[in-house]
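Welcome to this tour! Open your viewer, get ready to select residues, and follow along one stop after another.

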Amino acid sequence: MTSHKKNLLVTGGAGFIGSNFINYIHKKYPNYKIQLLDALTYAGNLENISNNLKSNGHFQFSHGNVTQPDIVNQLVSDSDIVIHFAAESHVTRSIYDNSLFFETDVIGTQVLANAIVNHPVERFIHISSSEVYGTAINTPMSEDHPLNPMSPYAAAKAGADRLVYSYVHTYGLPAVIVRPFNNYGPFQHLEKAIPNFITSALNDQKLTVHGGGKSLRDWMFVEDTCEALDLIMHADSKKVVGEAINLGTGIDTDILTIAQKVLGLVDRSQNLIEHVKDRPGQVSRHISSTEKARRLLGWTAKINLDDGLQRTVEFYKNNKQWWEKFLWMKELWGQK
Ligand SMILES: NC(=O)c1ccc[n+]([C@@H]2O[C@H](COP(=O)([O-])OP(=O)(O)OC[C@H]3O[C@@H](n4cnc5c(N)ncnc54)[C@H](O)[C@@H]3O)[C@@H](O)[C@H]2O)c1
């Protein structure tokens, strides 16, 4: 695999998946230059980026918004590869106020894609989402599954996903559209299910499970996603450009089982589980086909759910100072 020096532009890299990706790439390719563009919303936190990277000359942080053409054009013109994570990413928030979702997720992607038309790069990796599919009509869900987004978040992601596809065909954008299934791991915001469960359990508080906990998701440890993105970054253009690629494990597990496993790992009583009524806009089942990623990249997820959950629990146990300051936000969203 090539390790020639590359200039990467990572948008939204102060968030959960983006920061794990930046830390992964820095460890594997210490000579790559990483430019981070992030608006540092409630979800962005520069503490997620390794101190080792922040203190060397290979990292540059630009505090800015992906919807602003000036800064985006300037950064793209200095990049070889763009990896676009920046988004409003929480389904529940999108139900209560969605305008920012369409601004960031759709217009932000349009601004970035336009900048790449004007300042061509080797590769543009657009992080879409499995949420674009809606509930599984046929299983496992392949990349040809119909797009039936069921929440405003999912609709915004579907809009951006198809916008990028249209730019491949209209302007020859060298883009790859990646559709990760539910990621979990270190540095995930407490508003998301697994960190929410872990931190509640550690604090001996109730784990709130919606709608009987029967919704099925394909849970993937974030390090597996980073490995797949690395392969996509370096893959032969003929194989990947213009493609949409699912990143999932091919195994689905319901939310109630996740809550029970977390309580087991944190050594707390199963009585902490509290059932509440379901939220609108939820999909009932997601399970990824793994065939295309295997065929194009030779990649399959390696970290099984029990090992990934164990590693995630260890992170939250050992990094209380990282998450305790966000507890008030979790309480706010817990009321919705
Ligand atoms: N977490 C998952 O399970 C999952 C699954 C599928 C797809 N995705 C997608 O992966 C990407 C990353 O998800 P995440 O969970 O790491 O999200 P996150 O919410 O943890 O991080 C989002 C990051 O984007 C930044 N950001 C938000 N608006 C911005 C703007 N206008 N300009 C610049 N930066 C902005 C935030 O400050 C934050 O650092 C998103 O595109 C999301 O839709 C996530």
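Select helix 1, which gives the largest share of the shell around the ligand, three residues. (Helices are DSSP runs of H or I with at least four residues, strands are runs of E with at least two, and both are numbered from the N terminus.) Before going further, note that this is a predicted model: local features need pLDDT of at least 70, side-chain atom pairs count only at pLDDT 80 or more, and totals for chains, interfaces and linings use all residues. Residues are numbered from 1 along each chain as its sequence is written.

Now show the whole shell: 32 residues surround the ligand, and G12, G15, A43, G44 and A87 are the closest.

Next, select helix 6, residues 152–171. Its 20 residues reach 28 Å from first C-alpha to last, close to the 28 Å expected at 1.5 Å a residue (1.5 Å times one less than the number of residues). Which residues of helix 6 are buried? Among them are Y153, V164 and Y167. Buried means that 20 or more other C-beta atoms, placed from the backbone, lie within 10 Å of the residue's own. The buried residues of helix 6 pack against helix 4 (91–96), helix 5, strand 5 (123–127) and strand 6 (175–180). Just after helix 6, look for G172, with a positive phi of about 70°.

Then move to the largest nonpolar core, where I232 and V262 touch the most other members of its 89 residues. Helix 6 gives the most to this core, with eight residues. Such a core is a set of buried Ala, Val, Leu, Ile, Met, Phe, Trp, Tyr and Cys residues joined through C-beta atoms within 7 Å. Click on I232: leaving out residues up to four places away in sequence, I232 touches I125, V176, V178, V240, I245 and L297 (a contact has C-beta atoms, placed from the backbone, within 7 Å).

Finally, zoom out. The protein has 14 helices and 13 strands, and 47% of its 336 residues count as buried.

How values were computed:
A residue is near a molecule or strand if its C-beta atom, placed from the backbone, lies within 6 Å of it. A residue is buried if 20 or more other C-beta atoms lie within 10 Å of its own, exposed if 12 or fewer, and partly exposed in between; C-beta atoms are placed from the backbone. Two residues are in contact if their C-beta atoms, placed from the backbone, lie within 7 Å.
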